[in-house]
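Here is a friendly briefing to read alongside the model. Have a look at the structure first, then follow the notes below.

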Amino acid sequence: MKKVSVLFICGMVASLGWAGVTVADLERMAARDIIPEIQLAAGYALVTPYAAKSETDLLNLASSASGAGIRLAASLALAQKWLDAEKTRDEWLALATEGKTAEARAAAVPALMEALIGDNADALLELAKTGPTEEVQYAAGKAYLQKVRGKLTRDMLEGICADDTLSGGYRKAAAEVLAGYYLFPKLTALSRQELEEKALNGANPYLRYAAATALVSFLVEESADALYKKVVSLFLDPGVSAEYRWAYAQALGLAWAKGL
Amino acid sequence: MKKLVIGLVASAFLVGFALAQEYKVVPFGQDEWKDFTVGNYGGYLVVGSLDNPKTFNEHVAQETSSTDVTGRLHAGLVEINPITDLPEPGLAKSWEISSDGLTITFYLRQGLQWSDGEPFTADDVVFTFNGVIFNEDVRTDYRDVLMVEDKLPTCEKVDDFTVAFTLPAPFRPFLRMIGGAIYPAHKLQQLSRVYNPDADPEALNSVWGVDTPPEEIVGMGPFKLKEFIPDQLVVLERNPYYWKVDPQGNKLPYLDGIKFVISFSLDTIMLKFRNGELDVYAPRPEDLATLIGEAAAKGIEIMIDPTKPLFGTTWIAFNQDCPNENLREYFRMVEFRQAMSHLVDRQSMIDNIYLGLGVPQWSPVSMLSPFYYPDVPKFPYDLERAAQLLDQIGLVDRNGDGWRDFPDGTTFEFELTTNAGNTIREQCCQMFVEDAKKVGLKVNFVPIAFNALVTKLLGGEYEACLLGLTGSSEPHGGRNVEWSCGGLHFWKYSDCEEPTPVAQRIDELFDLGVKTYDFNEAYEYYKEYQILAAENQFLIYTVNMLFRYAFYKNLQNTAAFSPLVGALGLSEFLWKANPNMVGNRVVG
């Protein structure tokens, strides 16, 4: 039954892909596509169209929309809008701590990073390790890792990702920086095949996420149709890691966004 | 019928009007502009700035937080092509050089207007040079670069659209230097004591301060000042009277304006770029992994172009006048210096120390200079050849201890230094020491503080050192290094008293190169100089760091971003695919 539905949806959206997806198509997929990664992909593609929505509408959507893709799009669009908002550091911390959903809290992360970047590295590291939510840890972690970027190495970042005693937000921030070290410098950069392998079989979710993030830089070269087919085929293969699926979903979202 | 007549009259009037205005057409799609496209109007370029501007007066501005702004407000007679780096017509549509090379006559574009709509004429040019730049009341560094044999040229009006400069001696770089900002006589003439003996001597230094109403600041540049909010923002807007057009006749610039977001922290500027609040960012090497990791998701392009190294050179110098007479004898042998070049593993330095962000340097002229000659003799990494050359000059291991010796049997060894704390240079030195060891050459690496190193270098008290020099497009800028009596001729100050034939020839070539206005002729002189410098390895060049630039892909006509002009130098040609976006964010 599941396969039949998927094939039906696949046929429908593939033809949409050839014809060019519309915002309405994306909203439909973001809200209720049977494949979670298609919801996410549609969410990534909706960020720019959602920029026209009001702050209140976006916060409501990020906090309570039923589709994960809609919450994601609203969260990312709200994050961009909030960069122009005048709020205090405490207000950003409160938003990243008390938001109703992960997406609502995540919307405060970029602005919170800017509020935190003036702090000293030790204070940032402490907040990255012990912040009250994963979003606060992540924002502090990203700010900290930017601050100390001249001293980072791939080994150090892999160590953070692998350390179960550290906070999830900090490890996620480290994974995103590690993605850059998987791509640069050129002499030691991993190939697409190596990244695929790590994204599929890395030792833990953060190491897989790092490789998946780096993998996106290769996947964005592919067409929306090819990416769509891959996302659907991955859905039919339950053994594939969530991070690997996410990489293809994000690349598909970026491809759809480009075609809008 | 009546309507048709009116239409024809209107067209004729417009065509006539357009012909009267001698706009400069930028040939996008052709020659060096082949990667440029005709754009759409709209949007702001948003860039970060590390400080407030201190003045909007270009001729007294010194810091980049001011000159980044003022450089967009003004224009000069001659401009430097941002791609070829060669002088070409600016406000002057052409120029003529007298047969003796002493008089340069500039013919101005006619029908141009200042940003306030007033007409631009030769009076503005003559006022700018005689009333401002050559005026001793004005504290401008620009006056110094126009000096030829310690004298200033003279500037005279020939007619309303012609001015003539007379030089004390022929001086080719004059054409490169003469592109300074032209100021509006109608706004500023009364502030100059050359024109108004009652004027305050300080008036031209303090005019156009940061509290000046924007409409008072008038220029011929692509943008004009709209707003300055201290500690926050400088906003420039399009100059509607700008005098350049694209091949379709659209007036430049395409952008509505430029916003300089002021932040006093590089960390904040980088973060604002990552968050999509800035369109462009000049990353340092340590920024790259972070940016590259998120580039695909955010639509960031990171330009690392092996054809665009930074200006400046890094080299190893052997002091041919060093206090140790035994070493001096060998340091003066060209075979020894060529052997030392064969010990420099430039590719490993690039791969392992510069993280791939470098290219080998072989010539004293900066690689982006139009005078750069790429095919100079090269002495690349080759340990075997290095050993052969050392054997040839009698530096062999005489006692079997593994180190090469002087003829008297003592170990041949020298001290190599660099400025302590510069990790790239320290690692390059260490790599050189290891490679030297492989051919039995003992090199003792001793990093010292920068100021102490400079003292040793200029005092002729070092043996060998790895250091760098700044560079520019104009080889004449290196005359203080290459000239046998130059203040920075630190590898052999004795050339001043006893110049070798090669040193004498290089002196001649610099004199010849500066006196001809013919680029091709000058190129031949500087080519010969580069060949001589490379053959003789006076300085052993190592690696040149590459230019890096990051920008959001929404920005168009970015292909020519380079160390010559950065991004701002091309701002009159930039456009945005989506004018409502800054970075990757929709705004407004």
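**A helix of chain B and its cover**

In α9(B), the buried residues are B:L288, B:A289, B:T290, B:L291, B:I292, B:G293, B:A295 and B:A296; buried means that 20 or more other C-beta atoms, placed from the backbone, lie within 10 Å of the residue's own. Helices (H or I, at least four residues) and strands (E, at least two) are DSSP runs, numbered from the N terminus. This is a predicted model, in which local features need pLDDT of at least 70, side-chain atom pairs count only at pLDDT 80 or more, and totals for chains, interfaces and linings use all residues. Residues are numbered from 1 along each chain as its sequence is written, while chains are lettered from A and ligands numbered from 1 in the order in which they are written.

**Around α9(B)**

- Helix α9 of chain B (residues 288-298) is largely enclosed by the rest of the structure, because eight of its 11 residues are buried.
- The cover over those buried residues includes α11, α13 and α15 of chain A, along with β14 (300-309) and β21 (543-552) of chain B.
- After α9(B) comes B:G299, with a positive phi near 75 degrees.

**Where the chains meet**

- 30 residues of chain A are in contact with 25 residues of chain B, contact meaning C-beta atoms, placed from the backbone, within 7 Å.
- On the side of chain A that touches chain B, α13(A) gives the most, with six residues.

**A:Y206**

- A:Y206 lies in helix α15 of chain A and counts as buried because it has 27 C-beta neighbours inside 10 Å.
- Leaving aside neighbours within four places in sequence, A:Y206 is in contact with A:C161, A:R171, A:K172 and A:A175.
- A:Y206 and A:R171 are 35 residues apart in sequence, yet 6.5 Å apart in space, C-alpha to C-alpha.

Technical notes:
Two residues are in contact if their C-beta atoms, placed from the backbone, lie within 7 Å. A residue is buried if 20 or more other C-beta atoms lie within 10 Å of its own, exposed if 12 or fewer, and partly exposed in between; C-beta atoms are placed from the backbone.
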